[in-house]
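Colleague: I have not seen this structure before. Could you take me through it, please?

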Amino acid sequence: MSIERTFSIIKPDAVKKNAIGGVVARLEEGGLRVVASRMVRLTEQQARAFYAVHKDRPFYGDLVKLMTEGPVVVQVLEGENAVLKNREIMGATNPEKADGGTIRKLFGTNIERNAVHGSDAPETAAQEIAFFFSGSELATLQR
């Protein structure tokens, strides 16, 4: 059993739809636990820094604009193979291609407004968690 942590963002489009509870419910039903969570409003500088890996991609400017248009919920999730499990629960990036019952199918609108972000690898998760949370902010839960 490989317990690991991953990072998740509930994006402004899902927050605006009042879907925070629905997203978290899907994550918990899928076997993940929230060990840190808070609502923040990203500045343009924070969004640019967080998504710097995409700075040369054509969608970068639109992504930064989307992520700063309203509050987001940043979370650290924990569970067995959490990175992969979160990606399965989120569904395909494009909600139109996502499997039924996935977060993006249920709460996403289109490829841009797809409700959530999730880390793509354990190494990325560690970097993304550290971007938003200090070690003392991460709960240790009894299993």
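Colleague: Which residues are buried in α7?

Modeller: In this predicted model, A125, E128, I129 and F132 of α7 are buried. Buried means under 20% relative accessible area, exposed over 50%, and partly exposed in between, with a 1.4 Å probe and protein chains only. Helices (H or I, at least four residues) and strands (E, at least two) are DSSP runs, numbered from the N terminus.

Colleague: Where do the buried residues fall, seen down the axis of α7?

Modeller: They fall within an arc of 100°, so they line one face of the helix. The arc is that of the directions from the helix axis to the C-beta atoms. Turned away from that buried side is a face with the exposed residues E123, Q127 and A130.

Colleague: What covers the buried residues of α7?

Modeller: The cover includes the strands β1, β2 (33–40), β3 (72–80) and β4 (116–118), together with the helices α3 (44–50) and α5 (82–90). Contact here means heavy atoms within 4.5 Å.

Colleague: Let us turn to the rings. How many aromatic pairs are there?

Modeller: Rings of Phe, Tyr and Trp (its six-membered ring) pair if their centres lie within 6.5 Å; planes under 30 degrees apart count as stacked, over 60 as edge-to-face and the rest as tilted. The count by this rule is six aromatic pairs. One of them is the stacked pair of F7 and F132, at 5.3 Å centre to centre with 5° between the planes.

Colleague: Which parts does the pair of F7 and F132 tie together?

Modeller: F7 belongs to strand β1 (residues 3–10) and F132 to helix α7 (residues 122–132), so the pair links parts that are 125 residues apart in sequence. Both F7 and F132 are buried. Together with F50, Y51 and F131, they form one aromatic cluster.

Colleague: And the whole chain: how many helices and strands are there?

Modeller: The protein chain has seven helices and four strands, in the order β-α-α-β-α-α-β-α-α-β-α along the sequence. Its radius of gyration is 14 Å, close to the 15 Å that the globule rule gives for 143 residues, so the chain is as compact as a globular protein of that length. That radius is taken over C-alpha atoms, and the rule is 2.2 Å times the number of residues to the power 0.38.

Colleague: How should I read the numbering and the values?

Modeller: Residues are numbered from 1 along each chain as its sequence is written, and side-chain values use heavy atoms, with hydrogens and water left out. Local features need pLDDT of at least 70 and side-chain atom pairs count only at pLDDT 80 or more, while totals for chains, interfaces and linings use all residues.
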